[in-house]
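Please look over the structure below.

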There are 2 protein chains.
Amino acid sequence: MAIDEVLADLKQKIDEKLPKGTTISSVEFEGPQLVMYTENPWSFADNGNIVRNLAKTLRTRIVVRPDPKVLVPPEESVNKIVETVPVDSAIANYHFDPDVGEVIIEAEKPGLVIGKHGETLREITKKIGWTPKVVRAPPISSRTVKNIREFMKTNHKERKEILKTVGRKIHRECTSKDQWVRVTSLGGCKEVGRSCFLLSTPESCVMIDCGVNVGSEEHMTPYLYVPEVSPFSKLDAVVITHAHLDHQGLLPLLYRYGFEGPVYCTPPTRDLMALLQLDYIDVASKEGGRPPYSSADVREVLKHSIVLDYEEVTDIAPDIKLTFHNAGHILGSAISHFHIGDGLHNVVFTGDFKYEKTRLFDPAVNKFPRVESVVMESTYGGVNALQPSLQDAEGHMQQVIKNTLQNKGIVLIPAFAVGRSQEVMIVLEDAIRKGLIDNVPVYLDGMIWEATAIHATYPEYLNNDLRKLIFQKGENPFLSECFRPVDSNELRQEIISKREPCVILATSGMMNAGPVMEYFKAFAEDERNTLVFVGYQADGTLGRRIQKGWKEIPLKTGKGTEMIHMNMNVEIIDGFSGHSDRRQLMEYIRKMKPRPERVFTEHGDERSCIDLATSIHKKNKMETRALTNLETIRLV
Amino acid sequence: MAIDEVLADLKQKIDEKLPKGTTISSVEFEGPQLVMYTENPWSFADNGNIVRNLAKTLRTRIVVRPDPKVLVPPEESVNKIVETVPVDSAIANYHFDPDVGEVIIEAEKPGLVIGKHGETLREITKKIGWTPKVVRAPPISSRTVKNIREFMKTNHKERKEILKTVGRKIHRECTSKDQWVRVTSLGGCKEVGRSCFLLSTPESCVMIDCGVNVGSEEHMTPYLYVPEVSPFSKLDAVVITHAHLDHQGLLPLLYRYGFEGPVYCTPPTRDLMALLQLDYIDVASKEGGRPPYSSADVREVLKHSIVLDYEEVTDIAPDIKLTFHNAGHILGSAISHFHIGDGLHNVVFTGDFKYEKTRLFDPAVNKFPRVESVVMESTYGGVNALQPSLQDAEGHMQQVIKNTLQNKGIVLIPAFAVGRSQEVMIVLEDAIRKGLIDNVPVYLDGMIWEATAIHATYPEYLNNDLRKLIFQKGENPFLSECFRPVDSNELRQEIISKREPCVILATSGMMNAGPVMEYFKAFAEDERNTLVFVGYQADGTLGRRIQKGWKEIPLKTGKGTEMIHMNMNVEIIDGFSGHSDRRQLMEYIRKMKPRPERVFTEHGDERSCIDLATSIHKKNKMETRALTNLETIRLV
């Protein structure tokens with residue numbers, strides 16, 4: 001059936017189901033959604049069940065939009081909104097978009113604008129015709145979030161066209177008689193970095209992650225030139241599990257070289273991604289390298305992004321439904337569940353995950369409606385890769401900082417801007433507030449503050465305790481005055497020249513670039529100082545070399561290569577990792593509901609991937625295998 | 001380096017190595033060969049070592065062609081040739097091709113024209129300038145061979161262009177920094193039929209076999225639409241291991257849909273392939289089906305074919321060398337050895353093979369300069385799939401035929417036209433000559449005679465004993481007068497209506513089509529007759545159903561479906577198979593030199609492939625795996 005017939009058919013089915021007096025003027029696909037235009041938006045608003053029931057019957061996501069005819073003029077609408085919402089809502093801004101009949105309401109307390117089960121929103125619709133969408137006015141202002149929202153507004157028309165094209169492609173007819181499901185490994189197998197997989201069926205082809213290995217020139221890029229994926233026009237969609245560069249750093253490259261389809265991720269992942277991609281370009285340029293893509297390509301990513309919240313079942317191809325679940329690794333990180341065909345197969349790509357409650361997140365989800373195959377990370381999959389408890393790790397960190405500060409030393413913590421930094425910030429804030437360590441400044445350099453602002457924008461992606469702190473008690477730990485963003489080179493040079501006891505959190509997390517290098521050069525030779533590792537250090541990075549005990553460290557400077565004599569203390573504080581340790585990896589699978597049939601391991605060095613696969617096989621009697629790059633396995 | 005520079009460079013190197021007085025005017029690639037044009041062909045002819053040494057130094061196959069200036073006119077040349085060769089040579093025909101400076105001499109005894117170590121040939125060259133090529137005047141005239149030789153002559157110019165294009169592509173520069181070797185299964189894994197593999201590296205992509213499963217509509221075609229192989233223009237070459245349809249039946253389809261590269265096979269495989277492809281079209285049309293390709297596509301196959309004899313090491317891609325070795329399965333069947341990169345990896349695709357000396361062939365070769373990986377057939381890979389010795393099988397057959405003839409019955413033997421038929425013919429001829437069975441006519445229906453003629457054309461592909469019979473004693477068993485080709489429908493109907501005791505060998509071998517069906521319909525209900533199976537019957541074929549004991553057999557006729565009551569005797573004579581039995585498969589690997597590291601099994605039902613992989617792993621401590629269709633494995 002041609003797509004226009006499909007739409008006509010859908011409209012007829014909808015017409016038959018609508019209660020009397022409720023009509024729709026037209027229907028269209030927009031991305032994974034079916035959009036219905038109506039002259040009676042209030043009857044839909046009045047009866048939330050209409051859309052819910054339709055969605056259930058038609059097995060697709062449905063959005064109702066008012067026909068332009070019924071919209072109340074913007075000025076009048078603002079007055080009616082103010083009348084309707086509680087005063088505490090603290091509305092900061094309005095944006096009316098006549099193309100989609102939407103009004104974006106930016107509020108400090110979006111929950112109040114929404115009301116119980118969306119009651120207040122429906123009230124607003126009834127009064128003004130416009131569909132209200134509520135976004136949070138961030139408690140810490142994020143440049144990234146602001147820019148992205150502006151960009152999306154500016155490019156709304158182009159985006160609408162893109163979404164229409166994507167929508168029609170998703171809902172195309174399936175034509176193949178064959179049934180099979182394959183997974184091709186393009187990167188990140190028996191290694192960490194450049195994660196990239198293809199999930200393909202006779203109908204569709206979806207890429208999962210598209211990372212860059214920043215620690216290796218030789219193995220920087222996934223195998224993107226093989227015929228399974230090249231040319232990129234054959235891809236239906238890309239799914240990004242989380243925003244770290246080793247999972248998405250080369251996504252803009254796909255758009256640069258011909259990909260025109262959608263990228264699916266959670267809202268925080270989209271924002272963090274843009275931040276990290278632009279920084280990647282920046283770092284590459286500064287190091288005299290040629291970045292593989294430009295900011296124009298990053299903008300293409302944004303234009304083609306379709307954000308999905310956790311637990312939203314979404315059609316992303318004619319025969320593939322995607323559902324994200326919390327992965328507990330970093331903000332917005334997602335366990336990605338794919339339902340293929342009409343009950344043919346279910347495969348879960350874990351991406352990176354933490355199966356333990358942390359200061360920031362709930363543990364990763366491992367309950368699904370169905371699951372037969374699992375592709376899982378194995379960073380700490382080695383038989384002895386056990387990590388201390390978070391409590392022990394926090395104690396260890398307090399002790400190390402306390403000792404260093406007592407010796408008038410400086411504590412330098414290389415950290416990923418996204419994830420570990422915020423975890424450590426909360427631990428430090430807690431310790432300073434409780435007087436467990438001296439009230440010294442905690443400097444945040446290299447995007448950490450900006451990443452933190454993005455965290456504050458999406459509290460619904462944090463765990464309950466932290467969300468309560470931010471929402472209900474007004475005790476947002478990120479706003480503590482101990483934190484000092486380093487927002488200029490002057491401040492950085494001042495910190496370096498003063499050499500006063502303090503804590504510095506700086507990127508990059510594996511010491512292969514970023515401002516951490518300047519602090520390291522300045523402080524490495526003083527034995528009073530301490531370098532504290534809180535995250536995984538991949539092979540080939542400076543971080544890994546220092547952990548191995550290198551004492552003479554050659555560093556490139558403007559003037560050539562300089563030799564750094566390593567006198568500062570080195571402390572490795574395990575337990576802060578955003579990755580599950582060996583025990584958590586094993587438990588994650590053992591307790592998975594339902595029990596999967598097969599488990600494939602990836603994202604770990606060779607030994608770790610093989611160890612984990614072997615152990616899961618022995619303990620759970622499941623078929624397991626450590627994947628190899630460039631292999632294709634058959635799931636069905 | 002551009003290809004013209006490569007050629008200039010080669011010419012310079014050659015010039016430096018040539019002895020004084022020997023010069024070349026130009027060099028060009030033609031297929032895998034380097035062609036040198038010279039005004040002094042006689043100096044090359046005089047000194048065979050020049051070319052041998054050059055080939056060694058340049059590591060490529062070299063051909064010398066005379067510059068047109070130095071060619072003696074054809075009529076004069078014929079006289080000089082007749083002067084030079086022994087009278088016994090029995091030259092039947094000459095064909096002069098000025099394009100390549102070659103004269104094709106068709107002789108009944110080509111060995112005499114060639115002379116010891118090519119002495120006589122060199123003598124001829126010296127006298128006439130032309131390069132003599134000797135082909136055998138077949139002792140039984142084969143329509144196929146004749147037509148193909150004519151076709152190749154007629155299309156010589158186009159072929160030359162094709163070979164030039166292929167040659168330049170083979171010798172292109174390698175550009176990738178990555179090193180990997182992958183094998184993708186497109187068909188014939190955990191099943192028999194539609195064998196098809198891809199061998200790929202960052203530089204090149206070679207298909208091995210392209211079969212059709214004639215016993216299944218649903219699984220008829222390999223997965224040729226997946227991106228690894230589609231569009232076909234990305235293929236560097238196709239290699240065909242032997243001529244049976246399940247290994248090459250869809251080769252013309254590749255040319256129909258855009259493939260323009262070469263197909264490599266042995267000379268008998270090329271001829272048998274053409275015969276079987278044309279018959280496949282014929283059978284499909286007769287059954288009212290639509291053949292997937294036409295005879296024009298078969299002609300494209302011929303135009304693009306490059307034949308290689310056993311043991312000729314040949315560049316088929318910038319980083320892949322192919323060598324065929326005897327496989328003992330059918331005429332021209334080849335174990336295909338691939339040397340990849342500069343010593344990077346060696347993988348052997350066995351195709352179908354027999355690791356035992358038979359009436360027709362020597363046992364399959366399992367000694368190689370190097371081998372790390374083996375992809376092997378598993379038809380009889382099941383733990384209990386042992387076959388009787390050939391001697392026992394022959395005894396069994398004599399007994400069955402003797403009994404049936406005594407009861408005035410007819411013996412009907414469904415057989416592949418190629419392979420089993422000739423094996424059985426020799427057994428029957430031997431038994432009749434020795435008086436072990438009555439001297440009844442042995443009817444050969446459905447291309448068996450034509451296939452036999454092709455066997456007689458290539459005695460060098462048969463084993464020593466049979467070759468001696470044909471060559472030296474003039475006792476060619478294929479020429480025995482007991483054999484009666486059925487070359488008309490009248491004769492067929494006469495045999496059917498007379499119902500006199502006789503033996504009938506008829507295709508197809510699995511009773512899914514062909515003249516055997518007519519004999520079967522006529523003779524099935526008479527209990528005096530016997531149906532004798534001598535080959536493997538795949539799942540889904542009528543042969544397999546009869547073996548399972550079906551007594552009421554529905555057969556499609558012109559008038560609808562007719563029910564056949566099966567009263568004739570059924571005898572399964574194991575031991576004639578062209579496949580190695582379980583013990584031979586195990587021995588083939590155990591005795592392989594050098595010892596391979598990994599063995600992958602395919603071409604057998606699921607149980608057989610898994611059993612064989614398991615047993616080889618246990619016995620030899622090698623890594624093994626039963627391949628699955630649509631998987632890609634990584635060898636390096």
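The model is predicted.

**Sheets of chain B**

One open sheet of chain B has 6 strands in the order 20-19-21-18-22-25, and the pairing is parallel. Strand 20 (483–486) and strand 25 (569–572) of chain B have a single partner strand each, so they stand at the edges, with one side of each left without a neighbour in the sheet. From one strand to the next, the twist averages 20°. Helix 17 (residues 489–498) of chain B packs on this sheet. Helix 17 touches strand 19, strand 20 and strand 21 of chain B, and its direction makes about 120° with that of strand 20.

Within this sheet, strand 19 (residues 442–445) of chain B pairs with strand 21 (residues 503–506) of chain B. The pairing is parallel and runs over 4 bridges. B:Asp445 has B:Ala506 of strand 21 as its bridge partner.

Another open sheet of chain B has 3 strands, in the order 4-5-6, with mixed pairing. Its edge strands are strand 4 (91–97) and strand 6 (131–136) of chain B, and each pairs on one side only. Here too a twist is found, averaging 20° from one strand to the next. Strand 4 and strand 5 (residues 102–107) of chain B are antiparallel. B:Asn93 is bridged to B:Glu106 in strand 5 of chain B.

Strand 14 (residues 320–326) of chain B is mostly covered, with 7 of its 7 residues buried. Strand 13 (residues 314–317) and strand 14 of chain B form a hairpin with 2 residues between them. B:Ala317 stands opposite B:Ile320 in strand 14 of chain B. Strand 14 of chain B also pairs with strand 15 (residues 334–340) of chain B. There, B:Leu322 stands opposite B:Phe338 of strand 15.

| Strand pair (chain B) | Sense | Bridges |
|---|---|---|
| Strand 19 and strand 21 | parallel | 4 bridges |
| Strand 4 and strand 5 | antiparallel | 6 bridges |
| Strand 13 and strand 14 | antiparallel | 3 bridges |
| Strand 14 and strand 15 | antiparallel | 7 bridges |

**Helices of chain A**

Which residues of helix 4 of chain A are buried? In this helix (residues 74–84), A:Ser77, A:Ile81 and A:Thr84 are buried. They cover an arc of only 65° around the axis, which puts them on the same side of helix 4 of chain A. On the other side, A:Glu75, A:Asn79, A:Val82 and A:Glu83 are exposed. The cover over the buried residues includes strand 4 (91–97), strand 5 (102–107) and helix 6 (119–128) of chain A.

Helix 7 (residues 143–154) and helix 15 (residues 448–457) of chain A pack at an angle of about 65°. Their axes are 8 Å apart. Helix 7 of chain A contributes A:Arg143, A:Thr144, A:Val145 and A:Arg149 to the contact. Helix 15 of chain A contributes A:Glu450, A:Ile454 and A:Thr457. By class, the contact residues are 2 nonpolar, 2 polar and 3 charged.

**Contact between the chains**

Contact joins 19 residues of chain B to 19 residues of chain A. About 1600 Å² is buried between the two chains, and carbon and sulfur atoms give 48% of that area. On the chain B side, B:Arg182, B:Leu630 and B:Arg634 lose the most area to chain A. Together they account for 32% of what that side buries.

**Backbone geometry**

Most residues other than glycine have a negative phi, and most peptide bonds are trans. Some exceptions follow.

A cis peptide bond joins A:Ser230 and A:Pro231, with omega about 0°. A:Pro231 is in the loop between strand 9 (205–208) and strand 10 (237–239) of chain A. In chain B, the peptide bond from B:Thr507 to B:Ser508 is cis, with omega near 0°. B:Ser508 is in the loop between strand 21 and helix 18 (516–523) of chain B.

B:Lys190 is not a glycine, yet its phi is positive, about 55°. B:Lys190 lies in the loop between strand 7 (182–187) and strand 8 (196–200) of chain B. Its relative accessible area is 24%, so B:Lys190 is partly exposed. B:Arg499 is not a glycine either and has a positive phi of about 55°. B:Arg499 lies in the loop between helix 17 and strand 21 of chain B. B:Arg499 counts as partly exposed, at 38% relative accessibility.

Technical notes
Residues numbered from 1 in each chain as written. Chains lettered and ligands numbered in written order. Predicted model: local features only at pLDDT ≥ 70, side-chain atom pairs only at ≥ 80, totals over all residues. Heavy atoms only, no water. Buried < 20%, exposed > 50% of the residue type's maximum accessible area, 1.4 Å probe, protein only. Arc of directions from axis to C-beta. Contact = heavy atoms within 4.5 Å. Pairing = 2+ DSSP bridges. Axes fitted to C-alpha atoms, helices over the stretch in contact; angles between N-to-C directions. Nonpolar A, V, L, I, M, F, W, Y, C, P; charged D, E, K, R; others polar. Buried area = accessible area lost by both parts, 1.4 Å probe.
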